[in-house]
Amino acid sequence: MPYYKCRKCHHEWEDWRARKCDWCGANKPIILEGKTPLEKFVKMLLKDPVKFFKGIGDKKDVSHTRKK
């Protein structure tokens with residue numbers, strides 16, 4: 001489902017069809033992305049869930065300790 005942005009008021013929305021902006025009624029929205037971030041995430045998660053969940057445990061926030 002594409003992710004749109006209004007050319008006039010810059011409102012952003014998701015929809016399966018190009019349509020007028022709900023806020024200002026402007027025509028011809030800009031397509032920001034062909035798929036929404038949520039759709040991309042779900043596709044990646046379904047492709048390899050083990051790799052995704054393993055990767056979560058590998059990263060630690062040590063920025064407060066100034067260590068790398």
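# A walk through the model

Let's begin at Leu 46, which sits in helix α1. Helices here are DSSP runs of H or I with at least four residues, while strands are runs of E with at least two, and both are numbered from the N terminus. What you are looking at is a predicted model, so local features need pLDDT of at least 70 and side-chain atom pairs count only at pLDDT 80 or more, while totals for chains, interfaces and linings use all residues. Residues are numbered from 1 along each chain as its sequence is written, and side-chain values use heavy atoms, with hydrogens and water left out.

Back to Leu 46: it counts as exposed because its relative accessibility is 68%. The cut-offs are simple: under 20% relative accessible area is buried, over 50% is exposed, and anything in between is partly exposed (1.4 Å probe, protein chains only). Leu 46 also belongs to a nonpolar surface patch with Leu 38, Phe 41, Val 42 and Met 44, and together they have about 480 Å² of accessible area. To join a patch, a residue needs over 30% relative accessible area and no salt bridge; nonpolar side chains (Val, Leu, Ile, Met, Phe, Trp, Tyr) are joined within 5 Å, and like charges within 9 Å. The areas come from the Shrake-Rupley method with a 1.4 Å probe, and for residues only the protein chains shown count as cover.

Now step to the loop between β3 (30–33) and α1 (37–47), where you'll find Thr 36. Thr 36 is buried because its relative accessibility is 2%. Setting aside residues up to four places away in sequence, Thr 36 touches Met 1, Tyr 3 and Glu 14, where a contact means heavy atoms within 4.5 Å. Tyr 3 is 33 residues from Thr 36 in sequence, yet their C-alpha atoms are 5.8 Å apart in space.

Next, the inside. The largest nonpolar core has five residues: Tyr 4, Cys 6, Trp 13, Cys 21 and Ala 26. Such a core is a set of buried Ala, Val, Leu, Ile, Met, Phe, Trp, Tyr and Cys residues joined through side-chain atoms within 4.5 Å. Beyond its neighbours within four places in sequence, Cys 6 is in contact with His 11, Trp 13, Cys 21, Cys 24 and Ala 26. With a relative accessibility of 2%, Cys 6 counts as buried, whereas Cys 24 is partly exposed at 31%.

Side chains of opposite charge can pair when their charged atoms come close. The structure holds four salt bridges, each a side-chain nitrogen of Lys or Arg within 4 Å of a carboxyl oxygen of Asp or Glu. Asp 15, Arg 17, Arg 19 and Asp 22 are linked in a network of them. Within it, Asp 15 meets Arg 17 at 3.3 Å and Arg 19 at 2.2 Å, N to O. Asp 15 is buried at 7%, while Arg 17 is partly exposed at 39%. Glu 33 and Lys 40 also form a salt bridge, at 2.7 Å, N to O.
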